[in-house]
Protein chains: 2
Amino acid sequence: MPSLKTDCIYQGACAEILDRLPEKSVDVVFADPPYNLQLGGELLRPNNSRVDGVDDAWDRFRDFAEYDAFTEAWLRACHRVLKDTGTLWVIGSYHNIFRVGARLQDLGFWVLNDVIWRKTNPMPNFRGTRFTNAHETLVWCSKGPDARYTFNYEAMKALNDGLQMRSDWSLPLCTGPERLKTETGEKVHPTQKPEALLHRIILASSNPGDVILDPFLGSGTTAAVAKRLGRRWIGIEQDPDYIAAARARIAAVTPVDDPTLVTTPRKRSEPRIPFGTVVERGLLPPGTVLSDAAGRWSARVRADGTLISADHRGSIHQVGAAVQGAPACNGWTFWHMRTQDTDAERLVPIDLLRQRLRAEMAAEGTGTTPESGGALQ
Amino acid sequence: MPSLKTDCIYQGACAEILDRLPEKSVDVVFADPPYNLQLGGELLRPNNSRVDGVDDAWDRFRDFAEYDAFTEAWLRACHRVLKDTGTLWVIGSYHNIFRVGARLQDLGFWVLNDVIWRKTNPMPNFRGTRFTNAHETLVWCSKGPDARYTFNYEAMKALNDGLQMRSDWSLPLCTGPERLKTETGEKVHPTQKPEALLHRIILASSNPGDVILDPFLGSGTTAAVAKRLGRRWIGIEQDPDYIAAARARIAAVTPVDDPTLVTTPRKRSEPRIPFGTVVERGLLPPGTVLSDAAGRWSARVRADGTLISADHRGSIHQVGAAVQGAPACNGWTFWHMRTQDTDAERLVPIDLLRQRLRAEMAAEGTGTTPESGGALQ
DNA sequence: GGCAGTTCTGAATCTCTTA
DNA sequence: CTAAGAGATTCAGAACTGC
């Protein structure tokens, strides 16, 4: 099995190149395949200027059958090189996304989300014959229904001002200085994607050091953003002009050197601390009375790190669930202790003690290093 | 060939019923088929309450093959009953929309647009495992690449306050009084669609008197909106409980009697907040009579968000200016509506509705997009 | 009645580690 | 492999409760 050389562009047809890479070696695939646009003649704006549509050879297919065969080949090849914990992103429009989506489901990929790139500045429909085509669709999937995968939930939530990131993303088209131009001022690539789009994708679904593969690299947006965010990358591209432009572009990118700048740790990945340790270290003496925030229920701390209430005994979680009659409970945030704060007596969650202990252990160097990002089911 | 009886619900399996209808007799099909959700066990919110997921028998399929066969059967039957100038709408999620989209392309349907219903108030992802599933996808297609079809471009542009209607529509879920409930307070139907969605679809792709067919009628949203907008309709549904609820609902609808209220022959200009959204969201039903503060002039509201008076038609601003013989007019403050306030009937400016909508849109919080910046979708 | 706080709910493929 | 236990996790809006 060949080893995996990263941070380089492979020239050639993507399915063939992919078949020569080692299996289960890639963390994230981002694919921007030909859309099979099936454009008719040329399109004129109301002022009779010509719309520079996609008419390149790489977007010409005889029929759906040929496009489907092409799609299945590269998807299958991607499935092989993906790690079992890896995920695949594909972007497309209504011309091709149903073909792609159905094929990837048939190949066993498990759709996690479809994501809408809502364009803030789309090209209008000049003829007034349809709705302005103002979005593109991304499909995000894991290797199977039970596969674990990386989703940096907290990073996405932070990016969205503290609210869960939704499946619709409003971003402008790639224009202005970001858009690569030739010396004669022509677009280098007809469908260059905005870096903001790749920024969000890579931040959401990978960790620093991960390998991001783009089987249709084009002008190199994926590689440029991956490099900047401290990820390794692999690009596959046929066209030597695109490759030249991408190489120059990627070379000009300076990576963010501090990994903490490009990760938002999940609570799930923090070291686990048994409640018993809190008692053992004397942060909470046996016999201390805990209660919930509203003071409805109470329980006492036992020396072995279990709780005892009027009717129940067990872990902080078990007793919390039992007194509420709930199926489950996070005891750390449910149970509170009295604390003398300035003058008034207040109730604070015992999770504060866990946080203090984590800080102490980090200072001692005894705690396990928090893993970056969270691996999800 | 049987004749086409309209404005009624046929009970039975949709493909079988469709096969008994005359061919090429329907103008628009709107289909909301089972999504094949494949939900696992139960899901609890962070507060331990149970999510009432869709587990109905009609959404259970063995595998993709069975779902695909089901899909192809009803799509093929719809193709037969559609006029050559007819169009088909299908709504779905990532669970099924790729299967549906690929099959309808295979059957010869020609995709005109995919349209995103962006939900302003979706259910969150409670476990923090994915992006909030905040949208659904509609596919709109004609019978073939060269088929003519109805698209009321000007009506859609008017509804979007003078800007081309885009392929992404922001609308709230069907909740509150619009949501049908049983006597015991349960949902009549687990997936009732908002009337605003059907309002836009029917206004966009049909004319008064056209026949709208819904092969999965459910609680009858399609029929209710079609009737109100002066279209004929046909519903197909298996479940007798859904049928009973739909019949009662549809019977309570009063059609807009004047066809000129639901079509748009002329152009108009561009204010900042589309008055059409006020209409579409049901804050002001088509046919409502508006007047100026002194009661000197009056005009009626049309379904696309324009007004019609004795001598004039156009935007709220244009008609306001025209009736006064003034060069310009702010329709938002000029036009008033009657409101039942405490005991007395009063006239209040329709700007109140805009303010309410602005508050809602601000709460929707879409950040830097034009949508939150004023150009309502 | 009015206002504030609480509860409820919506097409949802919704955990991970250790024993 | 399964089972058990720890413990992480929510936004908008309507409906309801209580003062």
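1. Three residues, the largest share of the surface near DNA strand D, come from α4(A); here a residue is near a strand if one of its heavy atoms lies within 4 Å of it. A word on the basis: this is a predicted model, in which local features need pLDDT of at least 70 and side-chain atom pairs count only at pLDDT 80 or more, while totals for chains, interfaces and linings use all residues. Residues are numbered from 1 along each chain as its sequence is written, chains are lettered from A and ligands numbered from 1 in the order in which they are written, and side-chain values use heavy atoms, with hydrogens and water left out.

2. Staying with that surface, α4 (153-159) and α9 (316-324) of chain A each supply at least two residues. Helices (H or I, at least four residues) and strands (E, at least two) are DSSP runs, numbered from the N terminus. In total 30 residues surround DNA strand D, and the closest are Tyr153(A), Lys157(A), His317(A), Arg354(A) and Arg127(B). By class there are eleven nonpolar, eleven polar and eight charged residues; Ala, Val, Leu, Ile, Met, Phe, Trp, Tyr, Cys and Pro count as nonpolar, Asp, Glu, Lys and Arg as charged, and the others, Gly among them, as polar.

3. What does the protein meet on the DNA side? Of the atoms of DNA strand D within 4 Å of the protein, 64% belong to sugar or phosphate and the rest to bases. Arg354(A) brings a polar side-chain atom to 2.7 Å from a phosphate oxygen, and Glu154(A) has one 3.3 Å from a phosphate oxygen. From the other chain, a polar side-chain atom of Arg127(B) lies 3.2 Å from a base nitrogen of DNA strand D.

4. Now to α9(A) itself. Its buried residues (under 20% relative accessible area, with exposed over 50% and partly exposed in between, for a 1.4 Å probe and protein chains only) are Ile316(A), Val319(A), Gly320(A), Ala321(A) and Val323(A). They pack against α8 (275-280), β11 (298-301), β12 (307-308), β13 (313-314) and α10 (331-334) of chain A. After α9(A) comes Gly325(A), with a positive phi near 70°.

5. The β11(A) neighbourhood is worth a look too. Strand β10 (residues 289-291) of chain A pairs with β11(A) in the antiparallel sense over three bridges; two strands pair if DSSP finds at least two bridges between them. Ser291(A) sits opposite Ser298(A), and in the six residues between the strands of this hairpin, Gly295(A) takes a positive phi near 75°. β11(A) also pairs with β12(A), again antiparallel, over two bridges, with Val301(A) partnered by Leu307(A). That hairpin has five residues between its strands, and Gly305(A) in the turn has a positive phi of about 85°.

6. In chain B, have a look at strand β5 (residues 135-142), where eight of its eight residues are buried. His135(B), Thr137(B), Val139(B) and Cys141(B) point one way, and Glu136(B), Leu138(B), Trp140(B) and Ser142(B) the other. In a regular strand the side chains alternate between the two faces of the sheet. Six bridges join β5(B) to antiparallel β3 (residues 82-92) of chain B, where Gly92(B) has Thr137(B) as its bridge partner. Eight bridges join β5(B) to antiparallel β4 (residues 110-119) of chain B, and there Val115(B) stands opposite Leu138(B).

7. Leaving aside neighbours within four places in sequence, Ile201(B) is in contact (heavy atoms within 4.5 Å) with Phe30(B), Trp89(B), Leu138(B) and Trp169(B). Ile201(B) is buried, at a relative accessible area of 1%. Eleven of the eleven residues of α5(B) are buried, so this helix is largely enclosed by the rest of the structure.

8. Finally, the cores. A nonpolar core is a set of buried Ala, Val, Leu, Ile, Met, Phe, Trp, Tyr and Cys residues joined through side-chain atoms within 4.5 Å. Of the 70 residues in the largest one, Trp74(A), Leu88(A), Leu104(A), Trp74(B), Leu88(B) and Leu104(B) touch the most other members. A second, separate core of 39 residues includes Val28(B), Ile202(B), Ala223(B) and Val225(B).

Key. Polar contact = N/O pair within 3.5 Å; in protein donor to acceptor, adjacent residues only side chain to side chain.
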